[in-house]
Amino acid sequence: MAHALSFALSDEGVVRIHDALICLAKFGEQVSLEARHDRLTLAALNSSKTAYASFCLDKTTFFQNYHYSPSEAQSQRAEAEAEPRFTCQLYNKALLSVFKGRLADNRERGTAVERCEVHVQDEPDNVECRFVVKMICRHGVIKTYKLTFEPVEVIHALFDKQNAKNKWKIESNVLRTFIEYFGAGTELLDIYSEEGRVTLTSYTEKVINDMDILKHPLRTSIAIDTLDFEEFIVEEKLRIGITVKDFKAIVTHAERLKTSVTAMYSYPTRPMQLAYGEHGMLCEFTLVTIGEYRGGSATPAPTNTRSLSRTESEQRRSQQASQQPEPVPSDPSSRQSSVHAQTLKQRATADMPPPVEPASRSFIKDIERQRPLRPTPPPPKASLDPESLFLPADNMEDENVWDERSYEDEQDVLGWNPHANRESFSQSFHSFRQDQETTPENLRAEPEDRDMRVPPTQKLSDIRGMFDED
Amino acid sequence: MATDGNAERPLFSAVSNSARQLFLLLRCISFAPKAQVQITQKGLRFSAEESQVMQGLVFLEKSLFTSYTYTKPVNENIDDDDDEDTFPIFQISLSSLLETLQIFGINDIKDRSTNHEASYGANGAFARGGAASAFETRFLGMTGMCRLSYAADGDPLRITLEETGVTTNCELTTFEPEFREEILLQRENLAQKIIMRASWLHDAINELSSTSPSRLTIAASPSAPYFTLSSNGPLGSAMVEFSKDPQLLETFQVPSRTVNTYKYSLIKSASRAMEIASKVSIRCDEQGVLSLQFMIEVEGGGVSFVDFRFVPYLSQDDEGDEEGDTVEDVGSE
């Protein structure tokens with residue numbers, strides 16, 4: 001009998017599905033399932049719509065066999081979309097009990113699962129529509145489950161990878177050891193990087209009444225060297241917040257796959273994506289972030305310069321010359337280039353790769369401020385905005401999905417103003433150069449500058465005063 | 001006959017070397033608060049009952065005890081020895097009995113991983129205060145001595161437990177028996193007889209719990225599917241199907257297809273027996289009365305049997321049947 005959707009899993013596949021379901025259960029009660037001709041996606045969206053988890057299972061590598069034949073209705077619908085798909089929603093609780101941990105204890109008892117076959121009964125002439133799971137065990141024991149499902153339109157969170165300039169990648173087991181330190185009552189996780197160190201702070205502000213455990217707001221900070229990351233390209237002094245619960249759920253699952261987690265984000269209030277994949281399973285999590293993007297304290301990330309060559313960016317700068325001195329970019333790429341234009345003026349060599357050393361990165365620091373010696377506590381702020389991650393889309397490419405909000409218009413609101421920075425920077429930069437000759441010790445004390453001047457971290461008057469005393 | 005003590009010789013007295021053994025067996029039928037005890041010459045018969053549709057029976061054989069004496073009541077001159085009614089029968093609180101038997105701590109095999117210093121065991125006084133695993137009798141090479149005695153009709157059941165010099169005396173009030181008939185299985189009209197490993201049945205019953213069912217349907221058939229357990233719930237249905245593989249179903253005697261439905265929670269309450277038993281015999285007569293007989297290996301190599309009987313739900317075509325109506329009433333409560 002031909003089914004709309006059928007696939008088979010090995011015993012390991014069953015365990016992986018179970019792991020994924022456990023992770024999804026931490027996001028939502030329901031699991032949505034989307035089948036396409038080449039992949040199956042399990043996804044969950046939490047009730048406040050601030051976190052979205054999806055597990056994309058590859059047709060060839062994850063499944064023993066996989067077959068999806070769209071029904072007529074689905075094909076018709078597909079004309080409006082890119083490709084036909086079958087979507088439905090199931091209770092995770094029901095799925096979990098079907099795929100529950102079978103590997104460990106049952107193997108000795110002799111009825112371990114050898115193979116799992118799933119098909120969906122969804123024919124128009126069939127009265128009973130069911131999601132049928134058949135666990136075929138040793139000695140010919142067959143366990144069949146027929147689960148009810150709800151046909152729904154599945155929505156996915158979109159993530160704009162183009163604009164997510166901040167990226168890091170780290171072994172999941174490293175993160176796993178860290179999350180153990182996060183207090184059970186903490187809610188928010190703050191990620192902050194400065195001078196080659198990344199600080200993860202879990203904290204809460206809410207004091208839960210009638211609970212003795214949490215009388216006071218609890219805060220746990222863990223500092224990691226960026227060298228512990230496989231990849232680390234993050235704007236200096238960027239502070240971004242997500243929820244501890246989501247992070248823990250993700251790391252716990254990633255650790256089961258023994259793979260590295262990649263995080264991508266642009267700036268606070270815009271979504272962050274955590275992703276990893278192994279064994280034909282691609283796991284992506286899109287999370288709302290909180291925090292304030294402080295224009296005064298952070299200039300554009302140096303990584304912006306990487307995407308454009310010098311000539312290209314200079315061309316763009318000339319194109320935008322008419323818009324000066326206040327360019328209001330209308331699309332992400334033009335904003336990027338205008339950012340670059342600003343950067344170019346500051347630096348003699350624009351083709352240089354973005355600095356990796358923390359010392360070099362201090363280049364972008366706010367010179368008006370004293371550098372704090374220790375990481376400051378996270379800015380307690382910004383309750384989760386349920387609207388910021390998922391919003392109905394106006395223009396859709398191929399699927400019925402929600403897009404991110406266009407943030408370009410809000411640039412000024414965020415207080416991101418390269419102009420003021422540049423002026424103040426160049427002023428002090430010049431005075432710093434003048435100062436160098438008189439205070440060679442100061443120069444030596446500065447890190448190697450690779451053709452790029454590092455702004456002073458102390459007020460010039462202070463420095464001068466110090467040497468006057470000598 | 002009477003000793004120098006204050007009474008004549010008790011009606012019954014028995015000594016067991018292992019209170020744990022008695023505990024594990026009796027716990028199988030702990031689904032009911034009270035159990036009926038019948039003392040016979042061959043052993044102690046404990047039975048528990050639920051809504052007259054389920055019965056659990058544990059027979060503590062004479063061989064489980066190191067000494068077992070049953071003295072027929074001398075004042076009643078009844079000739080017919082074999083008449084069951086002459087054997088004393090009473091009810092006791094099963095939960096209290098179980099509590100008593102584990103007063104020195106009885107651990108499941110799983111919990112026994114922590115082996116504390118045996119030296120503590122010498123000081124029996126510590127044995128009462130928690131940390132039972134430290135005083136696990138197996139480690140210490142001594143067993144929990146347990147003496148049961150029942151002086152005369154209407155007297156309490158006396159239990160004396162002794163361990164490393166500490167003695168606990170317990171008197172459990174006995175009650176008048178409430179029920180006497182057992183759910184009858186027509187052994188000569190068996191519709192099915194299946195013997196399999198108890199753990200597999202346990203596994204299957206647990207598997208079905210995922211649908212949070214109220215009823216369990218057991219079907220056996222001489223052709224495939226041979227033996228299935230299935231249930232329905234709000235989220236869907238589940239079915240466990242066993243093939244005829246002799247490794248799986250040791251004995252499979254099903255002359256014709258039978259389908260019966262039972263209350264799931266009742267069958268589930270036999271889980272304790274499924275856990276510790278090695279084999280189970282699943283029998284069903286033509287009326288659908290289900291018997292689950294569990295073979296439990298006891299310490300020292302012998303076996304004990306724990307028996308459960310279940311009355312089925314009335315199936316569609318039996319409707320109107322007198323007996324069936326009463327069953328349905330009870331089942332739907």
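Student: Is Gln36(B) buried or exposed?

Tutor: Keep in mind that this is a predicted model. Residues count as buried under 20% relative accessible area. Gln36(B) has 4% relative accessibility, so it counts as buried.

Student: Where is Gln36(B) found?

Tutor: Look at chain B. Gln36(B) belongs to strand β2, residues 34-39.

Student: Which residues is Gln36(B) in contact with, leaving aside neighbours within four places in sequence?

Tutor: They come from several parts of chain B. Among them are Arg45(B), Phe46(B) and Ser47(B). The list also includes Ile89(B), Phe90(B) and Gln91(B). Pro177(B), Glu178(B), Phe179(B) and Arg180(B) are in contact with Gln36(B) as well.

Student: Now strands. Which way do the side chains point along β5 of chain B?

Tutor: They alternate along residues 67-70. Tyr68(B) and Tyr70(B) point to one face and are buried.

Student: How many bridges join β1 of chain B to β5(B)?

Tutor: Start with the general idea. Strands of a sheet pair through backbone hydrogen bonds, either parallel or antiparallel. Here, four bridges join β1(B), residues 12-16, to β5(B), and the two run antiparallel. Phe12(B) stands opposite Tyr70(B).

Student: What is the order of the strands in the open sheet of chain A?

Tutor: Read across nine strands: β6-β2-β3-β4-β18-β17-β16-β10-β14, with antiparallel pairing. β6 (86-91) and β14 (231-233) of chain A stand at the edges. Each has a single partner strand, so one side of each is left without a neighbour in the sheet. From one strand to the next, the twist averages 20°.

Student: How many bridges join β2(A) to β6(A)?

Tutor: Six bridges join them, and the strands run antiparallel. In this pair, Leu33(A) stands opposite Cys88(A).

Student: Which strands does helix α4 of chain A lie across?

Tutor: Helix α4(A), residues 92-99, lies across β2(A) and β6(A). It runs at about 85° to β6(A). Helix α6(A), residues 172-179, lies across β10(A) and β16(A). Its angle to β10(A) is about 85°.

Student: How many residues of helix α5 in chain B are buried?

Tutor: Ten of its eleven residues are buried, so call this helix mostly covered. The buried ones include Trp200(B), Leu201(B), His202(B) and Asp203(B).

Key:
Residues are numbered from 1 along each chain as its sequence is written. Chains are lettered from A and ligands numbered from 1 in the order in which they are written. This is a predicted model: local features need pLDDT of at least 70, side-chain atom pairs count only at pLDDT 80 or more; totals for chains, interfaces and linings use all residues. Side-chain values use heavy atoms; hydrogens and water are left out. Two strands pair if DSSP finds at least two bridges between them. Axes are lines fitted to C-alpha atoms, for helices over the stretch in contact, and angles run from 0 to 180 degrees between N-to-C directions. Contact means heavy atoms within 4.5 Å. Buried means under 20% relative accessible area, exposed over 50%, partly exposed in between (1.4 Å probe, protein chains only).
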